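Open the model in your viewer and keep the selection tool ready. This tour goes stop by stop, from the whole chain to single side chains.

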Amino acid sequence: MTAKERPPGHDVTGTGRAFVAGATGFTGREVVRLLVEKGVRTVAHVRPDSPRLEEWRERFSAVGAEVDATAWDKTAMRDTLVRVRPGLVFALLGTTRARMKAARRAGEDPASRSYEAVDYGLTALLIEALRETGLSLRFIYLSAAGVKETSRSAYYRARSRVEALVRSSGLAYTIARPSIISGPGRDDRRRMEQLGATVGDRLLAAAGKIGAHRLRARYASTTNVRLAAALVRLALDPKAENRIFESEELT
Ligand SMILES: NC(=O)c1ccc[n+]([C@@H]2O[C@H](COP(=O)([O-])OP(=O)(O)OC[C@H]3O[C@@H](n4cnc5c(N)ncnc54)[C@H](OP(=O)(O)O)[C@@H]3O)[C@@H](O)[C@H]2O)c1
């Protein structure tokens, strides 16, 4: 039976439903598509203030996912999660410097788009809401290669704090630390990131030739399609529970 032929609510994996936060992202949209393809009943979360909410409703409905637009509010999120009862929850969201700059240009408070507010704040809210449900589930967190508590970068510090929170939450978890996520079809062009991936991969290929294979494997770029496949595979693998996967293991 193909994904399209399956009746809504049909779960062939026995994992219960999946709830995907950050579903509209470059990685998230592919995770949603793959989960549905694998027969997991999937709820794609879209922020209610998204200017593209209706477009996402159509796109996700077309691949067979449900759409939820609960506000980023702990009580509202908890109530939604109690209703959805997911067995898998993916946290794939994060802001960028470009988003912070856009907020400033639009006269909004850029702090509301900061790594602290989004990458840490919203993921922490999701974890707290999940803890309050008392549900038994696996939390799949998309972190980043090179995360370090002592990093000078606010991005890495926020991610390090989320990882610590995930690990102490009492929830079963899987953490993935990919390197640069590149590939065609991003909504924003991210020239510097694409350039970083191309140049970085060339340098790493050269490093590989002189024996630095581990370095190459750790920091070589991936694509949203490859990463999503790895995330879904790990989410469905009991052996991946309570483990952290580095970039070279996400292939
Ligand atoms: N890009 C990379 O090279 C890379 C490398 C390693 C790790 N990561 C991490 O992996 C994750 C996914 O990466 P990606 O490139 O797939 O992400 P992406 O395409 O930038 O998508 C980001 C997601 O976060 C949501 N989001 C951003 N700001 C938000 C806000 N203020 N409120 C609510 N939702 C918000 C977006 O929702 P809307 O669509 O509604 O705005 C979208 O669903 C990110 O956390 C990123 O930091 C990225």
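Start with the cartoon view. The secondary structure of this predicted model comes to nine helices and nine strands. Now colour the protein by burial. It has 251 residues, and 45% of them count as buried. Switch to the surface next. The accessible surface is about 12800 Å², and carbon and sulfur atoms account for 51% of that. Then think about how the chain folds back on itself. Take the contacts between residues at least 6 apart in sequence: 69% of them join residues at least 24 apart.

**Stop 1: the ligand**

Now zoom in on the oxygen atoms of the ligand. A polar backbone atom of G25 is 3.2 Å from one oxygen. For G22, a polar backbone atom is 3.4 Å from a ligand oxygen. Select Y155 as well. Here a polar side-chain atom lies 2.9 Å from an oxygen atom of the ligand.

How much of the ligand does the protein bury? Taken alone, the ligand exposes 890 Å², and the protein buries 90% of that.

**Stop 2: D119**

Select D119, in helix α5. Is this residue buried or exposed? D119 has a relative accessible area of 1%. Buried means under 20%, so D119 is buried.

Next, show its side chain together with that of R159. The two side chains make a polar contact at 2.8 Å. Setting aside neighbours within four places in sequence, D119 touches G94, T95, S114, Y155, A158, R159 and V162.

**Stop 3: the aromatic rings**

Show the aromatic side chains. How many aromatic pairs does a search of the whole structure find? The search finds three.

Begin with W56 and F60. Their ring centres are 5.1 Å apart and their planes meet at 25 degrees. Planes under 30 degrees apart count as stacked, so this pair is stacked. Both residues sit in helix α2 (residues 53-63). They are four residues apart, about one turn of the helix. W56 is buried at 2% relative accessible area, and F60 is buried at 3%.

Move on to Y115 and Y155. This pair is edge-to-face, with 5.2 Å from centre to centre and 70 degrees between the planes. Where do the two partners lie? Y115 is in the loop between α4 (97-105) and α5, while Y155 is in helix α6. The two are 40 residues apart in sequence, so the pair ties together separate parts of the chain. Y115 counts as buried, at 14% relative accessibility. Y155 counts as partly exposed, at 24%.

Ring pairs link Y115, Y155 and Y156 into a cluster.

Key: Residues numbered from 1 in each chain as written. Predicted model: local features only at pLDDT ≥ 70, side-chain atom pairs only at ≥ 80, totals over all residues. Heavy atoms only, no water. Polar contact = N/O pair within 3.5 Å; in protein donor to acceptor, adjacent residues only side chain to side chain. Areas by Shrake-Rupley, 256 points an atom, 1.4 Å probe, with all protein chains shown as cover. Buried < 20%, exposed > 50% of the residue type's maximum accessible area, 1.4 Å probe, protein only. Contact = heavy atoms within 4.5 Å. Phe/Tyr/Trp six-rings, centres within 6.5 Å; stacked < 30°, edge-to-face > 60°.
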